[in-house]
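Here are some friendly notes to read with the model open beside you. I have grouped them by place so that each point can be followed on screen.

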Amino acid sequence: QIDAAILKGEITKDINKQKDALAAELTKKRIQVADKQLAGATLAETKTAYQKAGEPLTGQNLYAEATRAGENIAGILDTKTAAKFLTDNPTLTEADFVKQVQQNRIKEGEPKLPAGNYVVNGRIVHISEGGLVDEFVF
């Protein structure tokens with residue numbers, strides 16, 4: 001009987017260990033869901049919502065949503081001009097548009113855009129200290 005009691009105790013301990021592990025996993029998942037709800041939608045999720053509504057996420061709207069999502073945006077380049085540039089030059093990218101903008105600013109005697117994240121049409125790009133795009137942020 002003592003052996004049976006010891007065996008029962010070991011089995012009970014193993015079962016409780018599994019229950020505790022499952023309970024801990026469930027709690028962890030609940031916390032992750034709550035954290036996600038508190039954080040709000042990601043920029044990608046917001047873009048998907050705009051697409052479902054048939055609205056483009058560009059220019060001022062992208063700036064507002066990106067700022068809401070915690071992105072630090074230095075400015076917005078002219079959305080209509082960027083869209084026309086990209087339509088007229090289908091093999092070029094937002095980085096090429098920024099390069100053209102910077103060249104035009106220099107020709108006009110204006111300083112280059114300072115480094116930072118900028119909205120260019122429907123993308124967010126990072127302009128480096130050198131004045132060119134070094135990263136597509138979104």
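1. Let's begin with a helix pair: α2 passes α3 in a right-handed crossing. Please keep in mind throughout that this is a predicted model. On the α2 side the contact is made by L43, T46 and Y50, and on the α3 side by N61, L62, E65 and A66. Sorted by class, the residues of this contact are four nonpolar, two polar and one charged.

2. Now the geometry of that pair. The axes of α2 and α3 cross at roughly 140 degrees and come within 10 Å. That angle makes α2 oblique to α3, because the roughly antiparallel class takes only angles over 145 degrees.

3. E65 deserves a look of its own. This residue sits in helix α3, which covers residues 59-68. Is E65 buried or exposed? Its relative accessibility is 14%, so E65 counts as buried; the cut-off for buried is under 20%. Beyond the neighbours within four places in sequence, E65 is in contact with L43, T46, Y50 and L57.

4. Which side chain does E65 join through a polar contact of 3.1 Å? The partner is Y50, side chain to side chain. Y50 is also one of the α2 residues in the contact with α3.

5. Leaving out residues up to four places away in sequence, T46 touches A41, L57 and E65. L57 is likewise among the contacts of E65.

6. Helix α4 (residues 79-88) packs with helix α5 (residues 94-107) at an angle of about 120 degrees, and their axes are 10 Å apart. α4 and α5 are therefore oblique to each other. The crossing in which α4 passes α5 is right-handed.

7. Four of the residues in the contact of α4 with α5 are nonpolar, two are polar and two are charged.

8. Staying in α5, please turn to Q102, which lies in this helix. Q102 has a relative accessibility of 3% and so counts as buried.

9. My last stop is D134, in strand β4 (residues 133-136). Leaving aside neighbours within four places in sequence, D134 is in contact with H126 and S128. The side chains of D134 and H126 are joined by a polar contact of 2.8 Å. Along the chain D134 and A95 are 39 residues apart, while their C-alpha atoms are separated by 8.2 Å.

Note on methods
Residues are numbered from 1 along each chain as its sequence is written. This is a predicted model: local features need pLDDT of at least 70, side-chain atom pairs count only at pLDDT 80 or more; totals for chains, interfaces and linings use all residues. Side-chain values use heavy atoms; hydrogens and water are left out. Axes are lines fitted to C-alpha atoms, for helices over the stretch in contact, and angles run from 0 to 180 degrees between N-to-C directions. Helices (H or I, at least four residues) and strands (E, at least two) are DSSP runs, numbered from the N terminus. Angles under 35 degrees count as roughly parallel, over 145 as roughly antiparallel, 65 to 115 as roughly perpendicular and the rest as oblique. A crossing is left-handed if the near helix is turned anticlockwise from the far one by less than a right angle, and right-handed if clockwise. Ala, Val, Leu, Ile, Met, Phe, Trp, Tyr, Cys and Pro count as nonpolar, Asp, Glu, Lys and Arg as charged, and the others, Gly among them, as polar. Buried means under 20% relative accessible area, exposed over 50%, partly exposed in between (1.4 Å probe, protein chains only). Contact means heavy atoms within 4.5 Å. A polar contact is a pair of N or O atoms within 3.5 Å; within protein, one must be able to donate a hydrogen and the other to accept it, and residues adjacent in sequence count only if both atoms are side-chain atoms.
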